[in-house]
Amino acid sequence: MPPPFSWIVAVARFLYDFIVGDDWTVAAAIVIGLILSAILNVNHIAAWWLIPVIVVVMLGVSLRRASRRLP
Amino acid sequence: MTGLWAVLITTFLASAVEAIEMVTIVVGVGATRGWRSTLIGAASGFGVLAVVVVVLGAALSQVPIGPLRLIVGALLLTFGLQWFRKGIMRVAARGLAGIGGQDPHEAAEWTGPGMDWTAWFLAFKGVVLEGLEVAFIVVTFGAGANQLAAAVVGGVGAIIVVGGIGLALHQTVRRIPRSLLQLIVGILLSTFGTFWAIEGLGIDWPGGDAAIPVLLLLYVATALTYITLERNRALGLRPAA
């Protein structure tokens, strides 16, 4: 692949690994959580608790999924 | 004279809080991924920061920091959660010693000849965001009290003092087993990421900056709980009915 395209692919791959990693559901849950937090905030409802709850729950879900994949 | 010292001490203390967050990220990432790329990332961050401060000067206080906090916070959180999860799995599986720190599938420390862009990016983001916050503090206090020079001394002094403490502690940090270190840094990145992302949305934390240690405690308790559950699962133990 010629340099400009190979650089773009390398950057895209780096960003995917950095943001998504090996469990895309955790990153997706964080994005959805941030959107929901913004919506709650716009409607003057306390929203600071939502992301910590998502972090705790999604870690458990992701760990359970990972341990099931182990031999 | 009293005003000068008041501005110097206030900016020093306020900047020290931001500098602690900056140095925690740089030392944690450096100890986990290796120092070369981390320090180059931190230096790049300071370079960008210097250009921004020189170009914008006092107009810096007009720059909206909310979107930057949201982006940096969300990136730190999503990346931090990966290390948080891997750290829990490694500590649960291998205990604090790890298997000599070696994992053929997921080497925690960069060993390649080139740049470790993950370490570079994490250090760069931490320095730029926290450095900008220090610059905001300096400009706000300094311009408000008409003591910009004292505010600059307070802000830069805080970074030097906290950075020196981080430098002194880095040998101690290197003695921590790699699996545990990855868990600790994952928890710290997730804590700061959560705090900044929510702040970036314009949402106020109860207690302001005091929410950071509370978040940290919550995530430490979460890690301990999941490590226990993972160990019990590996040993085939089931909770009593």
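Visitor: Which residue just after α1(A) takes a positive phi?

Guide: That's A:G21, with a phi of about 70 degrees. Keep in mind that this is a predicted model.

Visitor: How many residues of α1(A) are buried?

Guide: Burial here is a neighbour count: a residue is buried if 20 or more other C-beta atoms lie within 10 Å of its own, and exposed if 12 or fewer do. For α1(A) the count of buried residues is 0 among its 17 residues, so by this definition the helix is hardly covered. Take A:V11, which is found in that helix. A:V11 has 11 other C-beta atoms within 10 Å, so it is exposed.

Visitor: What span should the 23 residues of α6(B) have at 1.5 Å a residue?

Guide: They should span 33 Å, and the end C-alpha atoms of α6(B) are 32 Å apart, which agrees.

Visitor: Now the two chains. How many residues of chain B are in contact with chain A?

Guide: The general idea is that the size of an interface is often given as the accessible area lost when the parts come together. Here we have contact counts instead: 29 residues of chain B are in contact with 23 residues of chain A. On the chain B side, the elements giving two or more residues are α3, α4, α6 and α7. Of these, α3(B) gives the most, with 11 residues. By class, that side of chain B has 19 nonpolar, 7 polar and 3 charged residues.

Visitor: At what angle do α3(A) and α3(B) pack?

Guide: About 50 degrees, with their axes 10 Å apart. That makes α3(A) oblique to α3(B), and the crossing is right-handed.

Visitor: Which residues of α3(A) meet α3(B)?

Guide: First, the general idea: an α-helix has 3.6 residues a turn, so residues three or four places apart point the same way. In this structure, A:V55, A:L59, A:S62, A:L63 and A:A66 in α3(A) meet B:L81, B:F84, B:R85, B:I88 and B:M89 in α3(B). The residues of this contact divide into 8 nonpolar, 1 polar and 1 charged.

Visitor: How far apart in space are A:V55 and A:V11?

Guide: They're 27 Å apart, C-alpha to C-alpha, and 44 residues apart in sequence.

Methods:
Residues numbered from 1 in each chain as written. Chains lettered and ligands numbered in written order. Predicted model: local features only at pLDDT ≥ 70, side-chain atom pairs only at ≥ 80, totals over all residues. Contact = placed C-beta atoms within 7 Å. Helix = DSSP H or I, 4+ residues; strand = E, 2+ residues; numbered from the N terminus. Nonpolar A, V, L, I, M, F, W, Y, C, P; charged D, E, K, R; others polar. Axes fitted to C-alpha atoms, helices over the stretch in contact; angles between N-to-C directions. Parallel < 35°, antiparallel > 145°, perpendicular 65-115°, else oblique. Left-handed = near helix turned anticlockwise from the far one by under 90°. Expected span 1.5 Å × (residues − 1).
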